[in-house]
Amino acid sequence: MKELRIGNLILDNPFFLAPLAGITDAPMRKLCKEQGAALVFTEMVSAKGLWYGDKNTGRLLYTDKSERPVGVQIFGHEPEVMAYTAREMDKIQCDLIDINMGCPVPKIVKNGEGSALLKNPDLIYDLVSAVVKNTSKPVTVKIRIGWDSESINAVEVAHAISAAGASAISVHGRTREQYYSGKADWSVIAKVKRAVNIPVVGNGDVIDGASAIAIMEQTGCDFVMIGRGALGNPWIFREVTAAWRGLPIPEAPSKEQKKQMMINHLQDLADLKGEYAAVREMRKHVGWYLKGVPGAASFRGRVNQITDINSLKETIMGI
């Protein structure tokens with residue numbers, strides 16, 4: 001079995017937790033790491049926010065040693081600002097810097113950031129080069145396959161990223177216009193893999209062990225990034241790792257295991273962010289954990305009215 005390496009970072013398995021804004025905070029990363037994720041990422045961090053010393057932006061950089069290896073994902077569109085951010089990343093406890101060039105959200109795109117950068121491969125080269133030249137850590141880039149179905153240019157973009165010195169590229173098999181709808185086009189990921197000599201991370205529609213193996217077989221990708229498939233299901237990393245190693249697939253978590261995971265998640269959120277924020281943030285996670293459970297809709301309605309941690313714990317244990 002070949003060594004799983006990105007730059008100077010050697011990994012235990014090929015499965016990563018994708019960076020998800022508002023979701024992959026330290027408690028979420030910790031749970032997925034415990035279930036077998038080889039690499040986890042922070043939420044998107046604004047390079048401009050760091051440039052101006054924004055405290056809320058700085059808080060997104062918090063990581064715990066138990067999460068490592070951990071990557072920080074940054075976004076921006078100005079080479080000078082990205083270079084500054086790269087130098088700042090060398091001062092903190094992280095193992096890798098990822099540049100977001102795939103976020104489809106309008107407020108990011110309208111600033112020429114995220115997936116808007118797919119329209120400008122020359123600027124992509126300049127941004128990646130600026131980060132690579134100002135850090136000692138591996139630099140990766142996360143893209144989509146193109147802006148829309150008429151402008152699928154992932155191979156051209158990948159060439160620019162590789163030429164700029166990135167250590168790996170992650171490809172989400174959807175266009176910006178698709179957001180998260182429709183089906184991910186894994187064939188474009190395969191084209192990127194054939195086009196560059198750096199590791200490629202496949203992303204999109206990986207929801208279980210079978211789909212994790214399928215994306216690797218169909219694209220030849222070196223690693224797999226899991227995003228929405230991990231929502232309410234940190235156990236997916238246990239499953240995909242077993243499938244990759246040729247071991248029996250573990251049984252799905254029981255209701256009691258789900259309840260305990262929710263309690264652990266809630267407590268970790270409270271320890272990090274305080275009761276007020278923890279209870280409100282946990283509401284969406286409870287909905288994801290209960291997906292497919294009979295009566296989940298009415299239960300979510302009750303959870304969304306709860307404002308204190310003890311009531312939420314009692315409600316979860318009473319499922």
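In which helix is Lys273 found? Lys273 sits in helix H11; helices (H or I, at least four residues) and strands (E, at least two) are DSSP runs, numbered from the N terminus.

Before I go on, a word on the model. It is predicted, with local features needing pLDDT of at least 70 and side-chain atom pairs counting only at pLDDT 80 or more, while totals for chains, interfaces and linings use all residues. Residues are numbered from 1 along each chain as its sequence is written, and side-chain values use heavy atoms, leaving out hydrogens and water.

Back to Lys273. With a relative accessibility of 32%, Lys273 counts as partly exposed; buried means under 20% relative accessible area, exposed over 50%, and partly exposed in between (1.4 Å probe, protein chains only). From C-alpha to C-alpha, Lys273 and Arg283 are 15 Å apart in space, and they are ten residues apart in sequence.

Lys273 also brings us to a pocket. The second largest pocket has a volume of about 290 Å³. Of its 14 lining residues, the closest to the centre are Asp25, Glu43, Arg59, Leu60 and Lys273. On a 1 Å grid over the protein atoms alone, a pocket is an open set of points where a 1.4 Å probe fits, with protein on both sides within 12 Å along at least five of seven lines, and lining residues have an atom within 4 Å of a point. Grid points are joined across faces, edges and corners, and the volume is the space filled by probe spheres set on the points. At least two lining residues come from each of helix H1 (26-34), helix H3 (55-59), helix H11 (255-273) and helix H12 (275-289). By class, the lining has seven charged, five nonpolar and two polar residues. Here Asp, Glu, Lys and Arg count as charged, Ala, Val, Leu, Ile, Met, Phe, Trp, Tyr, Cys and Pro as nonpolar, and the others, Gly among them, as polar.

Next, the rings. There are five aromatic pairs, where rings of Phe, Tyr and Trp (its six-membered ring) pair if their centres lie within 6.5 Å; planes under 30 degrees apart count as stacked, over 60 as edge-to-face and the rest as tilted. Phe15 and Trp244 have ring centres 6.3 Å apart and planes at 90°, so this pair is edge-to-face. It links distant parts of the chain, with Phe15 in strand S3 (residues 15-17) and Trp244 in helix H10 (residues 236-245), 229 residues apart. Phe15 is buried at 0% relative accessible area, and Trp244 counts as buried at 18%. Ring pairs also join Phe16, Phe41 and Phe223 into a cluster.

Asp222 lies in the loop between helix H9 (209-219) and strand S10 (223-226), and its relative accessibility of 9% counts as buried. The Asp222 side chain makes a polar contact with the side chain of Lys193 at 2.8 Å; such a contact is a pair of N or O atoms within 3.5 Å, where within protein one must be able to donate a hydrogen and the other to accept it, and residues adjacent in sequence count only if both atoms are side-chain atoms. The side chain of Asp222 also reaches the backbone nitrogen of Val200, at 2.8 Å.

Last, the backbone. Arg68 and Pro69 are joined by a cis peptide bond, with omega about 5°. Pro69 is in the loop between H3 and strand S5 (70-75). Asp205 is not a glycine, yet has a positive phi of about 70°.
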